[in-house]
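I am opening a notebook on this entry. Below I note what I looked up, item by item.

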Amino acid sequence: MKILVTGGLGYIGSLTCIALIEAGFEPIIVDNLCNSKVQVLTRIEALTGVLPIFYQGDIRDAKFIKSVFNAQKIVSVIHFAGLKSVGESVSLPLKYYDNNVNGSLVLFNAMHEAGVKSVVFSSSATVYGEPEVMPITEDTPTGATTNPYGRSKYIIEGMLQDLFKAQPDWCITILRYFNPVGAHPSGTMGEDPQGIPNNLMPFIAQVAVGRREVLSVFGDDYATEDGTGVRDYIHVMDLAQGHLAALKAVSTKPGVHIFNLGTGKGCSVLQMIKAFSDACKKDIAYKICPRRAGDIAQCWASTDKAERELNWKATRTLLDMTTDTWHWQEKNPQGYV
């Protein structure tokens with residue numbers, strides 16, 4: 001069964017491709033390599049014995065994406081492709097709307113033309129904005145987003161919901177991620193951001209391995225236990241299994257199915273720094289900086305719905321997250337080269 005995976009050489013997409021192969025699916029990867037590297041393909045092959053079919057191109061290119069559907073008998077799409085930095089989206093909003101929203105529009109049109117009406121969409125907890133009540137459930141109001149990245153995800157969710165109203169034979173799954181971290185336990189695949197990392201864990205790892213001198217902690221005056229931002233960090237391998245669970249459980253059921261993917265627990269920036277320091281047996285140099293535009297104080301998920309309807313639950317611990325990340329970074333100090 002062929003599954004088109006957009007952004008399939010990226011951090012989450014590539015590890016989901018491994019889960020798909022191990023479960024007997026055939027991922028067909030599309031990626032423009034703007035934030036990924038082609039070397040990931042050989043890492044996937046080394047771990048699974050399968051070299052996935054790969055098309056290099058941009059989902060905003062209608063002719064290109066149509067050619068992929070014409071060449072392959074796709075039954076469902078897992079849509080990862082998109083820019084994902086909250087901070088960058090604040091300074092470059094049009095880039096995010098073009099890449100994320102326009103790219104999704106072109107993709108969904110191509111799916112419609114090809115008669116492929118099953119999609120699992122990589123959304124984000126940022127669609128909730130800054131909720132007043134924790135934990136965040138799937139019924140928590142959305143739309144009060146604090147940055148263009150979150151708004152782009154919210155707009156795409158709305159596109160999919162409107163599409164289903166017009167064509168109720170579509171099978172649409174929206175997965176709202178919290179904060180993916182970690183790496184493949186082999187240490188051969190992990191997060192390799194281009195340029196300066198925008199997310200906490202890869203920046204900590206690069207400081208630990210000597211690529212960066214000091215970590216910037218944006219704000220220590222939030223209304224949290226230690227003043228730093230609190231997030232629900234989820235191991236990327238648990239996240240990959242969440243996509244597989246969604247594909248098996250609801251990807252053939254018409255409707256709009258929405259699930260939070262997290263652990264249900266919050267962890268502060270300073271707590272994560274300490275956990276990583278324990279994992280790598282090194283002190284992590286950090287400095288306190290002013291709050292970053294678009295950030296919120298805290299968020300963590302209620303995962304009851306995913307447990308109930310997908311039979312899925314995150315099982316990996318904070319120690320697993322930090323140990324696997326360090327294992328990846330130590331073995332690959334310069335990332336994929």
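Over the face of which residue does lysine 305 lie? I found lysine 305 over the face of phenylalanine 259, at 5.1 Å from the ring centre. A charge counts as over a ring if NZ of Lys or CZ of Arg is within 6 Å of the ring centre and within 35 degrees of the ring normal. I also noted the charged end of arginine 291 over the ring of tyrosine 222, 4.1 Å from its centre.

Ground rules: the model is predicted, local features need pLDDT of at least 70, side-chain atom pairs count only at pLDDT 80 or more, and totals for chains, interfaces and linings use all residues. Residues are numbered from 1 along each chain as its sequence is written, and side-chain values use heavy atoms, with hydrogens and water left out.

Next I looked up aromatic pairs (rings of Phe, Tyr and Trp, the last by its six-membered ring, with centres within 6.5 Å; planes under 30 degrees apart are stacked, over 60 edge-to-face, the rest tilted). The search of the whole structure gave 2. Phenylalanine 276 and tryptophan 326 are edge-to-face, 6.2 Å centre to centre with 85° between the planes. Phenylalanine 276 is buried at 0% relative accessibility, and tryptophan 326 is buried at 8%; buried means under 20% relative accessible area, exposed over 50%, partly exposed in between (1.4 Å probe, protein chains only). Tryptophan 328 and tyrosine 336 form a tilted pair, 4.9 Å centre to centre with 50° between the planes. I logged both tryptophan 328 and tyrosine 336 as buried.
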